[in-house]
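This report goes through the ligand sites and selected local features of one protein model. The sequence and structure come before the discussion.

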Amino acid sequence: MFNKFRSYFRRAKADYVHDFFSPDRRTTLTIQIKNGNFLYSVHKDEKVVVRPSRLGMLLRGQPAIFSHLTLVRTQEKRFDETWEAPWGEQHYIRNNYHEAAFYLSEATGLERLFTVRFRIFNEGIAFRYEIPPQPKFQRATISSEMTEFNVNRNAYAWNIPAYQPDRYEYNYRKTPVYELKNSVHTPLTIEDEASGKFLSIHEAALYDYGEMTLRLSQSGTLLSDITPLSDGTKAHVSLPFSTPWRVVMIADAAIDLITNRMIYNLNDPPKQDFSWVKTLKFMGIWWAMFVGEWTWAPGDRHGATTEHAKAYIDACKRLGIPGLLIEGWNNGWEGDWLQNGDKTDFITPMDDFNLTKVAEYARENKIKLIGHHETVGYVDNYERQIDKAYKNYVKNGIFYVKPGYAGTMMTINGRKEYHHSQAGVNHYQKSLELAAKYHICLDVHEPIKGTGIERTWPNLLTREGARGQEYEGGALSPSHTTILPFTRLLAGGMDYTSGILDVTNNTKHIATTIVRQLAYYIIIYSGMQMAADRPEFYEIKFPDLYKFIRAVPDSWEKTVPLMGEIGSYYVVARQQRGSKNWFLAGITNEKPRRLQIPLDFLEDSDYEMEIYRDTDISDYRTRQLDYKIESRRVTPNEIFDVYLAPGGGFAVHLRYR
Ligand code: NOJ
Ligand code: CA
């Protein structure tokens, strides 16, 4: 029954060896404590997916907690509960696992106590380290976390590099796992040819600790590489302390990864009332700056003027878009703003912008403003002002903020720190908790990666944290967004800034067909969805396409991934929350394809199907503006046959009749 490797493992002399099973019994976690070492391995359907991998931790000034471990006791628990998500891709989420905790102590030396807690889900496994208060010390500095993920040899990883100037904003590469050269970010999605499974290694509930990146160890296994602080250590913690959960999602097919909800399940329910949190669709004084019509900086072409803001509020009202983002309204954008971040003033508007008047006008017209704080990573400067700056927004009735952290490093306590270090993580958390206190919702750009904390802090409606549409104009290929659903989006929603219909713009030429921009609203989830283009592209140039953007909701009842291959194409259906209406979309890379999509996800009989699609001659390089809108009645037994042009896609609205 067991493969060769596994029976070898069983026969080996061990102090302790035991199997634990997922609720459906298809996933097996094997724990082995051998000669004082703690190892875990994972099988799915009796195929090994993680080979024996060591766990341990190195505390500063002490020997590693690694090789003298003895088992004090184990504790097991079963858990099965379905919880309601206030917004998001799925209304009800089942949290079903088998937990096994290993309370360990060292046989010699400092006799430290150490716990490793595992949860085995049908969708994968997770574990975390817990350091209880020790007889001999109450605080600890973590120098290194020695967590191995010893995956199979014939495996390929979809990865972006860590410790780079543009944080998470890189194009994904597919690399044999054992040829990874430097540290990479998670979620790290792995195609494992040996087992035929798809894995994604990630983490959940990242608090007060450096982000886990992964690199190859000298012995050739994937190893956790916790983002260091400027003092070279990984984290300073007080005990008891739990690390974030280390997560290995496991799926039979790539698209089965997409509905993996482990990272939310590994976070706690909210501890306070968040009934005030509301998702929001918004437009922005924004893309006009990217295409060079307006500027963030003061001057003749300054974007965020009182006059422009009022005109955009009027446009939001006419278009039925409830929110408006205004960037570049405050002092600090003069000259090269990326260099001036230590002087930014988050409260004082520029001379041509009257915040009070604009806010008043927005209120009269029932448009919600989204305030903007571009910190350029100068956290010290921001934290000096953040409380006053949030209060200033609240005073003006502004309850949404988009903070940004452009810049290669953060400046925290006068030191340069990585965004994803413990210091950075703690800043993001501080600002999120302060926002919650003022009932402010956030859309964080240049954020810390998603680890499911929005379950506990649902006012974190969305974040960026990947290469988004701002990179169009040369740095994005159509394959990028066919990779994101299987990688970055496993970490939660993203503000991709969809809906740019000015695809043929000379300054910012967009590498998609025009209808693919509609598909993005279904493909890329965000609790705050931006209609990112200028109003004239919705009102005057393409009102027929805009109809779809207006109709698309920002919260779903259910998400049903239908087909796809990482980097090639992806099709997903989503049911509008609290409605029988569905939306369906697909995108392809640079290759055209014809797809036959069964509509059997529809539960009821009769639907009006509105289709926005490419034509036979559409092409993201040459014929971006060719599209067709059709409407017909359909039933669930039909197969929807659709053509996707190179760099194209389709979007469908299914109205229940
Ligand atoms: C980068 C953000 O991603 C973008 O949305 C914003 O406009 C600029 N920074 C300026 O703050
Ligand atoms: Ca960005």
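For reference, the ideal angles for six octahedral donors are 90 or 180 degrees. The model is a predicted one.

Distant parts of the chain are linked by the pair Glu169 and Glu470, which are 301 residues apart. Glu169 sits in the loop between strand 12 (155–159) and strand 13 (173–176), and Glu470 in the loop between strand 28 (460–463) and helix 9 (480–483). Glu169 has 3% relative accessibility and therefore counts as buried. Glu470, with a relative accessible area of 18%, is buried as well; the cut-off for buried is under 20%.

## Ligand 1 site

Ligand 1 is surrounded by 13 residues, and the closest are Trp286, Glu327, Glu374, Lys402 and His445. Sorted by class, this shell consists of 5 nonpolar, 2 polar and 6 charged residues.

For Glu374, an N or O atom of the side chain is 2.6 Å from an oxygen atom of ligand 1. The corresponding distance for the side chain of Trp286 is 2.9 Å. On its own, ligand 1 has 300 Å² of accessible area, of which the protein covers 96%.

## Polar contacts of Asn159

Asn159 belongs to strand 12 and counts as buried, because its relative accessibility is 0%. Its side chain makes two polar contacts of interest here. One is with the side chain of Arg173, at 2.5 Å. The other joins Asn159 to the side chain of Thr175, at 2.9 Å.

## Backbone geometry

Most residues other than glycine have a negative phi, and most peptide bonds are trans. The cases below depart from those patterns.

Thr186 and Pro187 are joined by a cis peptide bond with omega about 0°, and Pro187 lies in the loop between strand 13 and strand 14 (188–192). A cis peptide bond with omega about 0° also joins Leu239 and Pro240. Pro240 is located in the loop between strand 18 (235–238) and strand 19 (241–242).

His439 has a positive phi, near 60°. This histidine is in the loop between helix 8 (422–437) and strand 27 (441–444), and His439 is partly exposed, at a relative accessible area of 38%. Thr497 also has a positive phi, of about 65°, and lies in the loop between helix 9 and helix 10 (516–523). With 3% relative accessibility, Thr497 counts as buried.

## An exposed loop residue

Asp15 is found in the loop between helix 1 (4–11) and strand 1 (16–21). Its relative accessible area is 56%, so Asp15 is exposed. Asp15 and Asn37 are separated by 22 residues in sequence and by 9.6 Å in space, C-alpha to C-alpha.

Notes. Residues numbered from 1 in each chain as written. Chains lettered and ligands numbered in written order. Predicted model: local features only at pLDDT ≥ 70, side-chain atom pairs only at ≥ 80, totals over all residues. Heavy atoms only, no water. Near = heavy atom within 4 Å. Polar contact = N/O pair within 3.5 Å; in protein donor to acceptor, adjacent residues only side chain to side chain. Areas by Shrake-Rupley, 256 points an atom, 1.4 Å probe, with all protein chains shown as cover. Nonpolar A, V, L, I, M, F, W, Y, C, P; charged D, E, K, R; others polar. Helix = DSSP H or I, 4+ residues; strand = E, 2+ residues; numbered from the N terminus. Buried < 20%, exposed > 50% of the residue type's maximum accessible area, 1.4 Å probe, protein only.
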